[in-house]
Each structure stands twice: as structure tokens, then as C-alpha cells.
Amino acid sequence: MSTASTRLPEGRYGRSSDQRADRKLRIAGTVLGAVLLALVGYFAYHYVAQNEISAEVITFQASDDAVKVHLEVRKDAGASGYCTLRSQSADGAEVGRADFRFSGSATRIDKVVTLRTTAQGTTAELLGCHAG
């Protein structure tokens, strides 16, 4: 006794519906992947190209009522803007926050700024810089 085969004869009835569905899924996945890659590229380009100002805190020195911050700003020539600094106490409470403005044709500004505090600050944190 032999068992009957449940498979259809090869090539007789065309492509199976599973193959058509697999092809449609592959096309949809490729299109969605290309759209996602284009979006990531778009946002990466605008983040890099539009970022005219960058800065970093080199060092800081805290006293009872102020924090002196050595700030280095790199920017496009002629760009103006501001950087926001803050200081926190040992328990994490914010004791000082201020914006420091800059302008001019220099592309690198190396400056020591004084951030007034309500209590002794133990940190100096650069929150960000913005053009304008």
C-alpha cells in the first residue's frame, strides 16, 4: 500500500498563493526600509548642518555664592547666540542657572563666566547652546 501525495504537480497550476504573498511582503519591507533610511538620513543631515554652535565646559571652580566656569564655544563666523549653564548643590538641588550671550566674528570663544548661586554649587553643567 502506498500513500497518496497531497502536493500538486510541479508547474501545472502556476505559482502558489504563498509565493505571491511572500513577494508582496518582500516588496513592502524593501519600500518601508528605504523610507526609514531616507528619514534617518534627513534628520541626521539637518542635525549636523543646522548645528551652528557647540560648546563645552573645560573646568569650573565653586565658591559659596558663585561658580566660575571656563567655557569654550565653537560657532560659525558671525553667528550669535547663548549658552545655558546651571549648577547644583551636593543634594542635587539647582542653586543657579543663567544664559550667557555671545556674538562676533570669532569662530572660537574661550571665556571664564561667573554663575551666581543661592548656595554652594558642586557642579557646572552646560544645558545647551542656541543660535539667536
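Student: How many salt bridges does the count come to?
Tutor: The model is predicted. A pair counts when a side-chain nitrogen of Lys or Arg lies within 4 Å of a carboxyl oxygen of Asp or Glu. By this rule the total is 7.

Student: Which residue in strand E5 pairs with glutamate 72?
Tutor: Glutamate 72 sits in strand E2 (residues 66–75).

Student: Is glutamate 72 buried or exposed?
Tutor: Buried means under 20% relative accessible area. The value for glutamate 72 is 12%, so this residue is buried.

Student: What is the relative accessibility of arginine 108?
Tutor: Arginine 108 counts as partly exposed. That class lies between the 20% and 50% limits. Its value is 46%.

Student: How far apart are the closest N and O atoms of glutamate 94 and arginine 97?
Tutor: Both side chains are partly exposed: glutamate 94 at 40%, arginine 97 at 47%. They form a salt bridge. The closest N and O atoms are 2.8 Å apart.

Student: Which residues do salt bridges with shared partners join into one network?
Tutor: Take arginine 108. Aspartate 110 is partly exposed at 41%. Shared partners give one network: Glu56, Glu72, Arg74, Arg108 and Asp110.

Terms used. Residues are numbered from 1 along each chain as its sequence is written. This is a predicted model: local features need pLDDT of at least 70, side-chain atom pairs count only at pLDDT 80 or more; totals for chains, interfaces and linings use all residues. Side-chain values use heavy atoms; hydrogens and water are left out. Helices (H or I, at least four residues) and strands (E, at least two) are DSSP runs, numbered from the N terminus. Buried means under 20% relative accessible area, exposed over 50%, partly exposed in between (1.4 Å probe, protein chains only).
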